[in-house]
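User: I am new to this structure and wish to learn how to read its features. Please guide me through them.

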Amino acid sequence: MALGWNTAWGIARRDLSARFRGLRLLLVCLFLGVGALAAIGTLTGAIEQELSSRGRTILGGDLEVAVWQRAATPPELAALTALGRVSGGTRMQAMARAGDLAAPIELKAVDPAWPLVGRLTLQDGRSAGAPLPGEAWLAEGAAQRLGVRPGGTIAIGTLTLKVGGIIAAEPDRLGEGFTLGPVVIVAADVPARAGLTAPGAMYRSKYRIALPPAANPQQVGDALKARFPSAGFEIRTRDKAAPGAERFVGRMGEFLVLVGLAALVIAGIGIGGGVSSYLEARRTSIATLKVLGATSADIARIYLLQIGAAALVGSAAGLLAGVLITPLLGKALGSLLPVAPGLVIDPAALGRAALYGWLVALVFAAPPLLTARRYPAMALMRARVAPLARHWRDAALPVGLGMAGIAALALITAKQPLVTLWFLGGSLALLTLLGALGWGLRRLAARLPRPQDPLLRLALGNLHRPGAQTGALVTALGFGLSAFVLLAAVQTSLDANIAARVPQRAPDYFVLDLPQTRVDEFRTTVANVAPAAQVRTVPALRGAILAYGPEGRMTRVADLKEIPEDAWPLRGERGLTYSDGVPEGNTVTAGAWWPSNYRGEPLVSIDEKLAKTLDLQIGDRLTIGLLGVERTARIASFRRIDWDSLGFNYVLVFSPNAIADAPHNLAATINLHDPATRGPLLRALVRTFPASSVIEVGGVLTQARDLLRQVSLAILAAAGVAVLAGVAVLLGAIAAARASRVYDNVILRVLGASRRQLLLLQLAEYALLGLLLAFVALGLGSALAWLVVVQLFTFDWLPAWPQVLAVLGLGLALVIGFALAGSLPLLRAKPAQALREL
Amino acid sequence: MEILRGIDLVVPRGQTLALLGPSGSGKSSLMAVLSGLERASAGELSIAGADFARMDEDALAAARRGRIGVVLQAFHLLPTMTALENVMTPMELAGLPDPRARAAAELAAVGLGHRLDHYPAQLSGGEQQRVAIARALAPRPALVFADEPTGNLDAATGAAIMDLLFARRAETGATLIVITHDPALAERCQRIITLADGRIASDRLTA
């Protein structure tokens with residue numbers, strides 16, 4: 001006959017201190033773990049929600065149709081206007097000038113119907129649509145680089161435009177995706193009048209359509225593609241308005257959830273330790289309750305309720321903190337996030353965080369709870385009771401259920417279940433490894449010869465005495481310090497990869513839309529300003545792969561249900577080129593290169609990775625859509641491409657006779673040797689080639705580096721929670737051993753030890769443990785970092801060891817500092833007073 | 001190792017019995033078995049009609065509820081509960097009605113009506129033992145065990161506590177078994193059993 005839940009709660013509540021004395025470690029650990037997960041979940045949920053609810057505004061319509069290097073043909077346009085209201089325009093890289101200043105910009109030409117959804121806001125508070133003919137709306141960045149304000153003038157190509165206003169908010173900014181310069185919005189006819197859309201120029205026409213409410217954008221888009229199969233349409237719908245941003249936020253969020261879970265696992269160790277020492281301190285109460293007639297089921301019920309109440313309070317506080325911290329996180333991460341989240345309550349994210357917290361609490365609290373219910377009533381009458389063996393069989397069910405629950409929750413909510421599975425398996429392996437290490441360390445400390453120095457002897461003894469917290473400490477600190485090493489090694493490796501390769505080999509400028517006829521003039525212009533500069537030019541075209549495979553049995557890309565993950569060149573239009581010789585930095589790995597002045601069947605050379613992904617053979621056929629026309633070539637060779645050089649790298653290189661007749665311009669790279677020539681060169685190029693656009697690689701790299709830095713900041717923040725949880729476990733372990741420590745210290749003081757000696761003893765003990773763990777963490781963390789850097793990112797393994805060691809040293813100092821700070825109160829105990837209390 | 005050997009004992013309802021004997025003679029073990037805190041490895045044990053010999057630990061705990069009260073030398077009040085809550089707990093475990101009012105009445109009967117909301121740490125040793133007596137007697141058990149109930153108290157307080165225990169027992173009519181080293185205290189019981197080496201060495205009724 002078990003006690004009713006009501007009565008059990010009545011007893012549990014009375015026995016529970018209002019301030020959760022004894023259960024604070026559990027409270028803090030759950031607070032940290034659940035708080036981290038709640039913040040991460042709320043943040044990503046808020047952004048994803050924002051992206052999907054504002055999809056129509058972000059895209060600027062229900063459906064967007066884009067084509068490269070041409071406008072829609074009259075039949076195409078007629079088909080689009082039949083669907084609903086249409087707003088058309090062009091996007092391209094261009095250069096804007098004002099006096100002596102020049103800046104690369106993203107030119108966005110829009111018709112009077114723009115924007116179909118939402119309004120443009122200017123900094124002076126005006127709400128506007130498309131600019132008047134002869135005017136331009138400038139993004140703040142463009143206005144700054146050009147030193148202009150409203151009322152001033154700028155030149156684009158051969159046209160002079162008045163600055164009509166500075167943009168405060170552009171409704172479809174996110175939907176435009178990654179740009180290489182600040183935006184300048186102009187009327188639809190500006191690119192053509194400025195001479196920027198001559199045949200072969202690199203621009204994109206975009207048509208946004210507002211569909212009738214009943215229409216399904218996806219179906220409409222599919223129908224358009226089927227009707228114009230070779231048009232090269234790139235179609236996006238409102239529910240995938242910003243796929244890049246969504247994918248980034250989704251993956252980042254998922255990765256952070258895994259880091260948060262790692263924090264929660266460390267917190268779990270604290271929970272287990274906290275519950276264990278709480279119940280240990282309750283031994284007498286448990287025995288008393290048994291004398292009064294409580295069964296072991298009653299005991300389990302009473303203490304389950306107490307621990308559950310503390311878990312509820314801890315996780316509720318964590319949820320609250322998670323919600324409150326989200327706007328701050330949004331601010332701290334700033335430009336990394338596509339939208340800034342405000343104060344959001346996302347019940348699903350909070351529910352997940354709470355569920356994770358309770359499952360972890362269940363896994364780690366069940367074993368001590370199930371052991372505690374076996375404390376015998378006789379403990380009250382006998383001074384010594386044999387220590388209780390842990391009954392693993394009892395705990396197997398709840399622990400197994402909890403672990404299965406965590407795995408199921410992680411896998412169900414994962415967008416990349418395989419990564420999650422690896423992570424879960426890895427964490428389990430790491431925990432097991434550290435657990436085994438803790439066990440081994442205790443055994444080893446017990447067997448080592450006793451040191452001569454009495455303090456060292458005691459320090460060693462403290463590692464294996466009954467009730468020693470060595471196991472928990474090894475696991476928690478090992479996990480935390482490994483995380484330090486992992487982060488430092490990954491970060492320094494990535495930095496080194498970027499620093500070591502890119503700046504030396506990346507060109508300073510990319511120049512687009514250089515007319516073929518003016519290539520000599522271009523070289524002369526560059527040589528006049530920067531005589532040492534190296535210039536490379538290649539023909540630049542754009543086209544989409546439409547079909548591939550053996551002749552007669554070709555696979556059409558449009559028929560593929562899903563494009564394979566590694567076959568990214570099949571998505572939309574790609575840069576194409578042709579060449580007489582093998583491009584610089586490329587190696588032919590199969591087949592043969594065509595002879596110069598080749599006149600035979602059109603040929604193409606393909607990136608060997610793509611060839612492998614698509615299972616292509618030499619001699620197979622490849623069909624591309626180029627300016628609305630299908631062209632087929634025979635595959636003559638495979639090439640290995642050195643992508644790191646950041647120069648011109650083309651997946652597809654054709655024999656000149658295959659595509660050279662299509663109208664096109666050249667693209668150029670410029671490598672400067674004298675940074676001082678940068679400004680004058682930019683001005684000279686803009687003056688001489690107003691229709692061409694220049695991209696500054698330095699600026700793009702800075703952008704990429706800033707992004708990387710913010711990503712690592714986010715990871716560091718999440719990992720910081722893991723470290724905090726580790727510190728909580730450390731302090732909890734110190735508190736758990738407090739009684740025996742006070743006893744030791746008092747006895748040692750009575751025997752004549754000074755406070756300094758006692759402090760040294762503590763230092764020796766923690767330093768011994770810390771140093772050993774530092775070595776273990778160095779090994780484990782480096783191994784994991786190597787996996788991430790070499791296997792996951794396929795970068796070179798270039799960690800900066802001094803920095804890694806410094807970070808590890810810092811972590812170690814932090815741990816020892818916290819340990820000593822936690823022990824100081826024990827040293828203050830006065831022997832006479834303490835002896836009376838013992 | 002056999003601790004208790006050949007114990008054959010019948011205690012009539014309402015009797016007061018003292019268990020005397022030196023340390024290690026088996027007093028505490030006998031009490032543990034009689035009170036259902038421990039199971040005898042062999043033999044028969046029936047208390048107030050219930051067969052205690054065949055119960056596992058949890059069944060014993062359930063059987064103790066409301067039937068058996070225990071007063072211990074070190075009081076063993078629950079430190080996190082007030083005097084009132086301490087007394088309520090066994091009645092709640094036994095599922096008895098109205099535990100709060102009954103606990104308050106019981107505490108008033110041991111002279112602590114004004115100390116209901118005090119925690120054990122706020123009570124003197126004598127007061128704590130009075131709470132323990134109230135806690136043992138409140139469910140109206142058929143059988144009350146007292147293990148060295150005055151061992152932690154000074155002589156005067158100890159005598160007062162024993163007066164109280166005997167008075168409350170007389171009022172409730174429970175059977176009382178007292179374990180003690182103190183022959184004077186033993187003489188206040190109706191029957192004295194002396195244990196030696198796990199056996200009953202003598203069993204006599206007092207005058």
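User: At what angle do the axes of helix H3 and helix H4 of chain B cross?

Analyst: Axes are lines fitted to C-alpha atoms, for helices over the stretch in contact, with angles from 0 to 180 degrees between N-to-C directions. Helices are DSSP runs (H or I, at least four residues), numbered from the N terminus. In this predicted model, local features need pLDDT of at least 70 and side-chain atom pairs pLDDT 80 or more, while totals for chains, interfaces and linings use all residues. Residues are numbered from 1 along each chain as written, and chains are lettered from A in the order written. The axes of H3(B) (residues 83-93) and H4(B) (residues 99-109) come within 8 Å and cross at roughly 125°. The two helices are therefore oblique to each other (under 35 degrees is roughly parallel, over 145 roughly antiparallel, 65 to 115 roughly perpendicular, and the rest oblique).

User: Which residues of H3(B) and H4(B) make the contact?

Analyst: Residues are in contact if their C-beta atoms, placed from the backbone, lie within 7 Å. H3(B) contributes residues including B:Leu84, B:Val87 and B:Met91, and H4(B) residues including B:Pro99, B:Ala103 and B:Leu107. The contact residues divide into nine nonpolar, no polar and four charged (Ala, Val, Leu, Ile, Met, Phe, Trp, Tyr, Cys and Pro are nonpolar, Asp, Glu, Lys and Arg charged, and the others, Gly among them, polar).

User: How many residues does each chain bring to the contact of chain A with chain B?

Analyst: Chain A brings 24 residues and chain B brings 23. On the side of chain A, helices H1 (5-15), H10 (283-291) and H11 (296-333) each supply at least two residues.

Definitions and conventions. Two residues are in contact if their C-beta atoms, placed from the backbone, lie within 7 Å.
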